Amino acid sequence: MTACPSAHAPGARAPGTGTPAPEAPDPDGLETEVLVVGAGPTGLMAGLVLHRRGVPALVIDGKSGPTRESRALVVQARSMEIYDQLGLAEQVLARSHRAESIQILAGAPSARADFAAAQTGWTPFPGAPIFEQSRNEELLASTLAAEGVPVRWGHRFIALLSDAAGTDGAGAAAPVDVLVEGPQGPLRIRARWVIGADGASSPVRHALDLPFEGVTDAATFCVADLHGVEGIPEDSLAARFGRQRFAVTFPMGPGGHVRVVWLHGTDDPEQDEALAALRADLGLAYDRLDWFSSYRVHHRVAARFRQGSVLLAGDAAHVHSPVGGQGMNTGLQDAHHLAHLLADLSTGRLGPTAIDRYERERRPVALTLISATDRAFGAIARPGRGTAFARRRARDVLARLAPRLLASRAGPRLGGLLGQYRIRYRAVPAGDPVPRWAADRAVGLRLPPTAQNRSALRAMTWQLHSYGAEADRPVGLPDRIEGPFAFPEDPLGRLRTDRLLLVRPDGFVAASWPVHAGAVATADVQEVLDAHALTR
């Protein structure tokens with residue numbers, strides 16, 4: 001291995017400063033294929049997927065252990081499908097408190113807006129398990145530890161010691177040397193890839209000097225963990241509207257145990273002041289408080305998700321309002337996508353250009369999410385008398401309209417957007433001609449998980465699937481692409497019976513061909529291999 005630069009070499013700077021990094025690290029250091037900075041849900045998911053794919057990965061975090069106080073609470077349906085691919089869904093369900101609907105409280109409980117019913121049949125995991133961030137972290141961290149790759153707590157990222165945008169002799173992104181402060185002092189870690197999953201204030205992003213474009217809202221939100229709350233449903237989310245404030249409660253367990261998130265105003269309140277306002281304006285009484293926190297909402301996206309061998313995921317790449325409970329889930333899905341991509345690159349299944357797919361597919365998801373949540377935030381959650389008056393006027397309308405809308409023909413679409421399983425990755429840039437292999441509406445969507453294809457998806461390999469018909473294997477595909485596997489016809493008609501689907505390890509459909517090999521041109525096969533940088 002070539003000698004790494006000294007911590008005092010040119011370019012070795014502490015993130016976000018112009019000062020040199022600390023003393024030189026241990027010259028022996030560590031070496032790994034992927035270094036994951038940050039052991040929140042995003043970083044832990046990346047570490048576990050990489051480990052399951054057989055890729056050496058090291059997860060570090062400056063904290064002493066998992067988070068205790070959690071703002072993120074809900075695991076959406078697509079994230080549950082990912083947990084199921086990892087064999088962890090049953091543990092999440094066993095440890096969570098399930099909500100199937102949301103009530104809009106206007107003096108008396110409204111009719112329920114049943115989002116679980118709108119999702120039933122479209123995903124194996126309808127509804128919203130209340131499984132807070134800290135429990136996600138505990139589950140993922142304990143799984144990594146049980147499988148022999150524990151998180152290195154107490155290891156804080158300090159600096160990048162080499163150019164993240166460097167290339168090797170073949171033109172591919174070069175390995176990166178990272179300076180870490182550990183319990184025994186400075187430590188150098190060399191990694192082929194670095195994932196910055198270190199939160200909204202991301203030292204990794206600062207070290208790359210990447211703009212984090214967007215705004216910070218003037219509103220202050222508060223969150224509290226309460227016991228003995230009365231008048232709040234124990235099996236449903238609930239929205240409550242006051243004269244100036246707006247709150248959503250999440251059921252956490254029996255005995256009136258709820259997590260409440262509410263809009264306070266534009267000031268930064270002390271705990272007692274905020275809780276007194278919660279009682280007075282929203283009529284929310286409780287017996288005991290476990291903890292309280294306040295925060296401001298940011299709407300920001302990094303200018304790029306990748307610079308050379310360093311990539312950003314989760315809150316390090318994008319932050320937005322809590323409306324819809326999408327933030328933690330988007331980070332989990334970033335990590336799942338990126339880890340599978342890096343695993344395919346590390347094992348030679350994909351060529352070097354495939355790395356561009358991460359930003360091309362995941363950054364539009366973040367931009368769309370921020371746009372949608374920002375509009376919703378502006379409509380219901382900004383402070384001010386005008387917005388508060390509009391909320392109260394809209395409350396009764398929403399109480400009547402939301403249940404009807406979710407029960408209508410639009411319900412499955414809305415349920416899919418909320419559950420995040422309707423995300424589509426474009427096969428070609430917008431406006432470009434769509435090739436024959438991408439014309440099937442299934443291409444770019446996640447393959448619907450079923451009891452029949454569950455084992456196949458858990459293999460986390462490139463595969464060929466057919467639904468409702470036997471299929472021939474097209475000539476010219478690499479042997480490492482498994483199948484074709486024949487499954488029963490999709491009862492909802494989402495998958496055509498006359499098509500053979502190429503499925504990625506992350507469960508997304510990459511291409512679609514006729515089921516009979518004689519109808520598949522050699523040029524179409526080669527075009528798919530080139531489009532996805534699949535090697536032979």
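This is a predicted model: local features need pLDDT of at least 70, side-chain atom pairs count only at pLDDT 80 or more; totals for chains, interfaces and linings use all residues.
**Entry 1: the whole protein**

I began with the overall counts. The protein's secondary structure comes to 13 helices and 21 strands. Of its 536 residues, 55% count as buried. Then I looked at contacts with a separation of 6 or more, and residues 24 or more positions apart account for 70% of them.

Reading across, I get the order 4-11-12-13-10-14-17, and the pairing is mixed. Which strands stand at the edges? They are strand 4 (102–105) and strand 17 (318–319), and each has a single partner strand, so one side of each is left without a neighbour in the sheet.

Strand 10 (residues 212–227) and strand 13 (residues 257–265) run antiparallel, with seven bridges joining them. For a landmark I used Leu 226, which stands opposite Val 258 in strand 13.

What lies across these strands? I found helix 7 (residues 271–282) lying across strand 10, strand 11 (237–241), strand 12 (246–253), strand 13 and strand 14 (288–302). Helix 7 runs at about 95° to strand 13.

**Entry 2: strand 18**

I moved on to strand 18 (residues 463–467), which is mostly covered, as five of its five residues are buried. Which way do its residues point? I see Gln 463, His 465 and Tyr 467 pointing one way, with Leu 464 and Ser 466 pointing the other way.

**Entry 3: helix 2 against helix 8**

A reminder to myself: two packed helices are described by the angle between their axes and the distance between the axes. For helix 2 (residues 77–85) and helix 8 (residues 327–346), I have an angle of about 40° and axes 9 Å apart. Angles from 65 to 115 degrees would be roughly perpendicular and those under 35 roughly parallel, and helix 2 and helix 8 are therefore oblique to each other. The crossing is left-handed.

Who makes the contact? From helix 2 I listed Arg 78, Ser 79, Ile 82, Tyr 83 and Gln 85, and from helix 8 Asn 329, Leu 332, Gln 333, His 336 and His 340. By type, these residues divide into three nonpolar, six polar and one charged.

Is helix 2 buried or exposed? Nine of its nine residues are buried, so helix 2 is largely enclosed by the rest of the structure. The buried residues include the charged Arg 78, Glu 81 and Asp 84. Just after helix 2, I noticed that Gly 87 takes a positive phi of about 75°.

**Entry 4: Gln 326**

My last stop was Gln 326, in the loop between strand 17 and helix 8. Its relative accessible area is 7%. The cut-off for buried is under 20%, which means Gln 326 is buried. What does Gln 326 touch? Leaving out residues up to four places away in sequence, I found Gln 76, His 320, Leu 369, Leu 417, Leu 418 and Gln 420.

Methods: Residues are numbered from 1 along each chain as its sequence is written. Side-chain values use heavy atoms; hydrogens and water are left out. Two strands pair if DSSP finds at least two bridges between them. Helices (H or I, at least four residues) and strands (E, at least two) are DSSP runs, numbered from the N terminus. Contact means heavy atoms within 4.5 Å. Axes are lines fitted to C-alpha atoms, for helices over the stretch in contact, and angles run from 0 to 180 degrees between N-to-C directions. Buried means under 20% relative accessible area, exposed over 50%, partly exposed in between (1.4 Å probe, protein chains only). Angles under 35 degrees count as roughly parallel, over 145 as roughly antiparallel, 65 to 115 as roughly perpendicular and the rest as oblique. A crossing is left-handed if the near helix is turned anticlockwise from the far one by less than a right angle, and right-handed if clockwise.
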